[in-house]
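Here is a friendly walk through a model, with the cut-offs given along the way.

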Amino acid sequence: MHRNVPDAHLPGMEQSWNVLTFFLGMFQKSQWRTTFILLYATFAVTLWKYLPAETPLVVSTPSGWQMVPPDTAFLSFVEKTMVMFANGKIWGAFLLFGLLPMGFVKFLFREKLADYGVRFGNRATLGFTLVLVPVLGVVGWFSGFDPAFYTVYPYSPWCLGGESHFASGWPFFAMYAVMYLFLYYFSWEFFFRGFLQVGTEASVGCFNAILLQTMLSTVVHFGNPCSETLAAVGAGILWGFLAYRCRSLLTGWLQHASVGILLDFSLLWHVMSL
């Protein structure tokens, strides 16, 4: 049996819809920006997720987890640095989550990046930063006790420049951390808590915009350790709220980076101690 359903109408459309009017309705003047953001976000996240990952720096062996640094015997310091910076996941995030969305905001939407959180924000920014950055840094450190993270992090096997100890590899890790901070984590926060959240807020409301970006940022973690994926739900809501409360990405960016960089540091530190 089939229910008698009256002709459906898309919101904002007066005629009954067919395939053509459906797709044209997606880009009607009142909502074209939201439609564009959601379509681009779907494309960008899918493409980034399928970018090839590099060979893990730490691998599981019959005797336990061991660091297997790349062979750098014939590379100079500059060559090691260049190879370290050539990381597809990090540069892919910078392009897909940072550079392109910022270009859309500036040149397609003709809006200010400051309206998408690229600013210091209000006075609450400093308080949240001083309290939560150290707390989440500690969370990142203790997360490094879980060997499941070795299957994903660190993104670059060259983060120590091919060295096996911090004593000789710390200059490379310092450069890697700076690259990670600005190219990866800033781009990530701009994309999810700025471009996606702020960009859809007018259409779906503040709370749903936070949940929308949280859902997508959690999906990106599929395949990572379960604890990280579940934590991404709470983190997405927290950093989405802070972006709204502070009108800035700054505190969420620094908090996210503190978790990730201290996680990498902890993972490397522990494997060196085995």
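## Where α6 meets α8

In α6, Glu189, Arg193, Gln197 and Glu201 meet Gly236, Trp239, Gly240, Ala243 and Tyr244 of α8; contact here means heavy atoms within 4.5 Å. The axes of α6 and helix α8 (residues 226–246) come within 10 Å and cross at roughly 65 degrees. Axes are lines fitted to C-alpha atoms, for helices over the stretch in contact, with angles from 0 to 180 degrees between N-to-C directions.

The model is a predicted one, where local features need pLDDT of at least 70 and side-chain atom pairs count only at pLDDT 80 or more, while totals for chains, interfaces and linings use all residues. Residues are numbered from 1 along each chain as its sequence is written, and side-chain values use heavy atoms, leaving out hydrogens and water.

## The chain as a whole

The chain holds nine helices and two strands, and from the N terminus on its elements run α-α-β-β-α-α-α-α-α-α-α. Both kinds of element are DSSP runs numbered from the N terminus: helices are H or I with at least four residues, strands E with at least two.

Of the 274 residues in the chain, 45% are buried (under 20% relative accessible area; exposed is over 50% and partly exposed in between, with a 1.4 Å probe and protein chains only). Among contacts in the chain with a separation of 6 or more, 77% come from residues 24 or more positions apart.

## α2 against α6

Helix α2 (residues 32–49) packs on α6 at an angle of about 150 degrees, with 9 Å between the axes. The two are therefore roughly antiparallel (over 145 degrees; under 35 is roughly parallel, 65 to 115 roughly perpendicular and the rest oblique). The contact includes Arg33, Ile37, Tyr40 and Trp48 of α2, and Tyr184, Trp188, Phe191 and Phe195 of α6. Here α2 passes α6 in a left-handed crossing.

## Rings in pairs

How many aromatic pairs does a search of the whole structure find? It finds 41, counting rings of Phe, Tyr and Trp (its six-membered ring) with centres within 6.5 Å; planes under 30 degrees apart are stacked, over 60 edge-to-face and the rest tilted. Phe77 and Phe172 form a tilted pair, 4.8 Å centre to centre with 40 degrees between the planes. Phe77 belongs to helix α3 (residues 77–85) and Phe172 to helix α6 (residues 166–204), so this pair ties together parts 95 residues apart in sequence. Phe77 is partly exposed at 46% relative accessibility, whereas Phe172 is buried at 3%.

Phe191 and Phe195 have ring centres 6.1 Å apart and planes at 25 degrees, so this pair is stacked. Both lie in helix α6, four residues apart, about one turn of the helix. Phe191 is buried at 0% relative accessibility, and Phe195 is buried at 0% as well.

## Charges over rings

Two charged side chains sit over rings. Lys89 lies over the face of Trp48, 4.2 Å from the ring centre, and Arg33 over the face of Phe109, at 6.0 Å. The criterion is NZ of Lys or CZ of Arg within 6 Å of the ring centre and within 35 degrees of the ring normal.

Definitions and conventions
Left-handed = near helix turned anticlockwise from the far one by under 90°.
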